[in-house]
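Hi,

Here is the structure I promised to pass on.

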Amino acid sequence: MQRKPLALAVLLSCAGLAPAAHADEAKLKAEVEALRAEVAELRGVVREMQAQRAPAPASPVVATPAASTGVAVAPAAAVAAAPAATTAAGQPVPGTGGSGVALGANTSFWGYGQLDYNRPTARAADAQADLTRAVIGFNHVFDEATRVYGEIEWEHAIASSSDQGETEIEQLYVEHALAQNYGVRVGLTLVPLGLLNEHHEPSNFYGVERNFVETAIIPSTWREGGVSMYGNTDWGFNWNVGIGTGPNLGAWDPAADEGRISPLGSIHQELQLAKARDPSVYAAGNWQGIPGLLVGGGVFTGKIGQGDATLPVDKSRLVLGEAHLRWQPGPFDISALYTRGTISNTQDLNLQFLGQPTPVPKSFWGGYVQGAWRALEWGSDSSLAPFLRYEMFNTGASYAAQPLGLGTAPLPTQHVWTLGANYYLNPNVVFKVDYQKFRYEDLVLGYGDRFDLGLGYQF
Amino acid sequence: MSLLAVLALIGGGSAVAVAPSTSALAELGRKIFADESLSASGRMSCATCHDPKFAHAQNNALPVQSGGANLDVPGFRSVPSLRYLNLNIPFFFASDGTSTGGFNRDGRANTLIEQAQRPFLAAHEMANGDAAAVVDKLGRASYADEFRGLFGADVFARADDAFLAARYALAVYEATAPEFRPFSSKFDRFLQGKVKLSAQELRGFAWFNSPAKGGCAGCHPSTRAPNGEPPLFTDYTYDNLGVPRNAQIPANADPGYFDLGLCGPERTDLAARRDLCGAFKVPTLRNVATRKVIFHNGYFASLREAIEFYVQRDTNPEKWYPLAADGSVQKFNDVPALLARNVNTSEVPYNRHPGEAPALSELEIDDVVAFLGTLTDGYDPVTDTADPARDLAQP
């Protein structure tokens, strides 16, 4: 009943502002026209340079994953001008800061790697060194609109039946540009949530290890199979929507610890013979209309029972949402992210898991704020960026009630301070050091004060 | 072993024109399973010790059964249930060294066919001595023509082949007959959402699963397998529980005799693995409430008492083990003193000490007993009772 007067008031106030707005609009139009003319001129110059430098390639291909959501404002990029984000042929290449290596006119390969040393401060005997991951990727351009893109990863140095390492295809999709500013992808793609998942190369994040929120709550590196569309607008908005596979709740193991380490990480399927009755959908967007500022968010949802008739999971639905912000004024790099997930209809399932250490959570969440400062620079390539990050997260914030008081109490919320520095030998080779302070220790879940060293690279 | 592989072995001199059907083999196996004439005494069949009405386990409270020509030669271990054994896996050491799988309480047989050999031959069981004696009896059985029809007219002329054929038929019967894997307990219906567990059963289920309470699910997992198969309440591993020595087993009259499971004396290939001495296979808990005796040496005749032992073994050892002349408790008295270190003292609920509270209170033990009762096959929701005999095929 009170909405009408309110709407009227808004209308009148807008009308009163109209003349001024009109004048501003005309001025803005003139500025846009001038900018368009400049862009057209620059395009011409670029084309001339490309023609002089390389054999004629297929025309600029579709955007890279990095460019697709526009989040790729990597620490490396902030340090110094990264090597060209295009190949010598002028094409965009995979990776967010590396230049890749061209293999002929239409194919390039690239890679990144990460080596870590973790030393718990209270238990030196548990210190561990690991070749955490080595990745080789490729990008092949079929024609001016179509390419295939893949990423193959080895984790923990050796992958065999008697070792703990893994070999995995982290991304593999065909991308087709339907127009200059939007296109479609089909295959195994990264879920475009958060700041890290699509930009998980070590030179793109602060700290030796990926932050907890974007591994425990958003299970980076999270990928699903399906179809997605992406695009961008003239006003700096990048979007990505998709439909495809989702987690499989039937794979939940209440006796294992994985579900408390990362609820979704324990049941995502990574397109390995994925149960796929119930499609999931997602939508994400990022706005970069102001230089140095990125504001975005996304949501992923779907039923995750996948038709498992042996468990009461048919009605369970996952909803995971997140919002993030990144601001890079001058030498500073400030970011914040909040994410929360829910899984519905878990009561009957958890009744079958009564007393088990890891029932399915009803909700889980996390958030962090991080500040970094490019304090020292040497030449145009090297720099030192100390940072401080504060995280809060809970992988079992609530559980569905159970009879007789036999339900599970929420897990305590973990708080982690991380203080460290990234030293960029150049934008694509980074040495890292940090110290992490946890509010409470849980060795099973990997929580414990520690000192970390790391090396990362990408090309 | 596949049907074709067995038939190739059995085929010998006379070709088997058409591979026998599974149903025909199972039917023959059913007859062999119940045939007392196949024993030296003429009074013992597989079903004598593995009584179908008692979930294919023993129907009396003796710690060991006696066999032989006069049924007076005592055995060494209690009788395990044969139910769900078709889902068992061959013996192997997991990548972390954990002993896993195998048939018999020491895992020394890898298949149902291999497992079926010992009972026919062992002096304390059917006591045939060799394959020829078994086959001689098979040739005179009422189903001998049926046997010939399946495996060849001259099959009884080849003793080893005929013995293998008989065990193969038994294995097919055990692997395919629904009564060996009925999944008909109250707990199965609970998993299917068809019945509710009582408050006491639910509490017992929680204590059973909880790592801080019973910790039972650590070895007896209660969740479905990744392929959706209902839980079997065994992880197929081995454990050394330090069960008290059972003086009622005649072999134990010899103070130098110890049944040490994986490392012997019945199993011989792991005799040098002293670290495995005293470990026995973790059995399924399905139908455990129908067991007349519990554990490999049948020391306990009450399920409740067995659970009490689990949780009070280390808090109240004097309750379970004899006292020495000086009043000290002779803990773990069924393993040689030098091997007592093999007994599991690190996991819940064994990780306690005298004076500490047991992992489960008396009421909680009652709850767990109530829960274990839901694992009995042949559940009738009308009367809320279970009887494994309900699963048997009607004649």
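Let me start with the cores. The largest nonpolar core has 115 residues, and those with the most contacts inside it are Val134(B), Ala165(B), Ala166(B), Ala169(B), Leu170(B) and Val368(B). By nonpolar core I mean a set of buried Ala, Val, Leu, Ile, Met, Phe, Trp, Tyr and Cys residues joined through C-beta atoms within 7 Å. Buried means 20 or more other C-beta atoms within 10 Å of the residue's own (exposed is 12 or fewer, partly exposed in between), with C-beta atoms placed from the backbone. Helix 8 of chain B (residues 159–176) gives the most to this core, with 11 residues. Domain 1 (3–90 + 110–180) and domain 2 (183–248 + 285–331 + 345–395) of chain B both contribute residues, so the core lies between them; the bounds come from an automatic or database domain assignment.

Before you go further, this is a predicted model: local features need pLDDT of at least 70, side-chain atom pairs count only at pLDDT 80 or more, and totals for chains, interfaces and linings use all residues. Residues are numbered from 1 along each chain as its sequence is written, while chains are lettered from A and ligands numbered from 1 in the order in which they are written.

On the two domains of chain B: their C-alpha centres lie 31 Å apart. Across the boundary, 19 residues of domain 1 are in contact with 20 residues of domain 2, contact being C-beta atoms, placed from the backbone, within 7 Å.

Helix 12 of chain B (residues 362–373) is worth a click too. Its 12 residues should span 16 Å at 1.5 Å a residue, and the end C-alpha atoms are 17 Å apart, which agrees; the expected span is 1.5 Å times one less than the number of residues. Its buried residues include Ile365(B), Val368(B) and Leu372(B), and the buried residues of this helix pack against helix 10 (199–209) and helix 11 (303–312) of chain B.

Overall, chain B has 12 helices and 8 strands (DSSP runs numbered from the N terminus: H or I, at least four residues, for helices; E, at least two, for strands). Buried residues make up 48% of its 395 residues, and the C-alpha trace spans about 70 × 55 × 40 Å along its principal axes.

Last, the chain contact: 17 residues come from chain A and 18 residues from chain B.

Cheers

Conventions:
Two residues are in contact if their C-beta atoms, placed from the backbone, lie within 7 Å.
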